[in-house]
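Let's go through this one as a set of quick questions and answers. Have the coordinates open as you read.

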Amino acid sequence: MREIKCELSVKSINDAIKEIKEYKAKVNKDIKSIPKLLAKVGLDKLNTEISSISDTDGNDLGNASIEYGDNYSRIYHIGKQVYFLEFGTGYIGKDNPHVKSYLMKKGYATGQMIGENGLWSYYNKNGELISTQGIPAQMQVYETSVHIKYVCNDIIKELISK
């Protein structure tokens, strides 16, 4: 936080008022860049999380991107199978659920193609037959949101203190 000092004289107080107004203008300008800065940090973290997913079980990793607006930024993880990676699937997902699994529209291991032993099979993009019991929740988007919340105050303090 910036410190502004003044003496008890008209000139010194006027100088302090001028300095406060300049600082206020700087802070107001800096505030507008915060969503973009946080989105950039988030995009970097999300890309790191996506690249660290080792058990895709044939799911497409999708892509991360940012949408910028006048007063906001949004980070997206887009892809046909991103939902399955985030929340996990099957019996393995049920045993290793997402921390916010209550947000899921469907439960774990509820598909009609699941056999008695909890397996289902599919052909991957290379044409190979894969049998699986699912994957654990990867939580790449959730972990990104936690990271942004964790670093948010430090980023804002650093920006405003310059």
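This is a predicted model: local features need pLDDT of at least 70, side-chain atom pairs count only at pLDDT 80 or more; totals for chains, interfaces and linings use all residues.

Q: How many bridges join strand β1 to strand β2?
A: Two strands pair if DSSP finds at least two bridges between them. Strand β1 covers residues 63-68 and strand β2 covers residues 73-78, and they run antiparallel. Ala 64 stands opposite His 77 in β2. The number of bridges joining β1 to β2 is 6.

Q: Through how many residues does the hairpin join β1 to β2?
A: The link from β1 to β2 is a hairpin. Its residue count is 4.

Q: Which residues form the aromatic cluster?
A: Rings of Phe, Tyr and Trp (its six-membered ring) pair if their centres lie within 6.5 Å; planes under 30 degrees apart count as stacked, over 60 as edge-to-face and the rest as tilted. The structure holds 2 aromatic pairs. Tyr 83 and Phe 84 make an edge-to-face pair, 6.2 Å centre to centre with 80° between the planes, whereas the rings of Tyr 83 and Phe 87 are tilted, with centres 5.1 Å apart and planes at 40°. The one cluster is formed by Tyr 83, Phe 84 and Phe 87.

Q: Why are Tyr 83 and Phe 87 separated by about one helical turn?
A: Both residues sit in helix α2, which spans residues 82-87. The separation is about one turn because Tyr 83 and Phe 87 are apart in that helix by 4 residues.

Q: Is Phe 87 buried or exposed?
A: Buried means under 20% relative accessible area, exposed over 50%, and partly exposed in between (1.4 Å probe, protein chains only). Tyr 83 is partly exposed at 35%, and Phe 84 is partly exposed at 37%. Phe 87 has a relative accessible area of 11%, so this residue is buried.

Q: How far apart are the closest N and O atoms of Asp 30 and Lys 26?
A: A salt bridge is a side-chain nitrogen of Lys or Arg within 4 Å of a carboxyl oxygen of Asp or Glu, and by this rule the count comes to 6. Asp 30 and Lys 26 lie 4 residues apart in helix α1, about one turn of the helix. Asp 30 is buried at 11% relative accessibility, while Lys 26 is partly exposed at 23%. In their salt bridge the closest N and O atoms are apart by 2.4 Å.

Q: Which residue does Asp 44 meet in a salt bridge?
A: The two partners are separated by about one helical turn, being 4 residues apart in helix α1. Asp 44 is partly exposed at 39% relative accessibility. The N to O distance is 2.9 Å, and the partner is Lys 40.

Q: Is Glu 49 buried or exposed?
A: Glu 49 meets Lys 45 in a salt bridge at 2.9 Å, N to O. They lie 4 residues apart in helix α1, and Lys 45 is partly exposed at 23%. At 14% relative accessibility, Glu 49 counts as buried.

Technical notes:
Residues are numbered from 1 along each chain as its sequence is written. Side-chain values use heavy atoms; hydrogens and water are left out. Helices (H or I, at least four residues) and strands (E, at least two) are DSSP runs, numbered from the N terminus.
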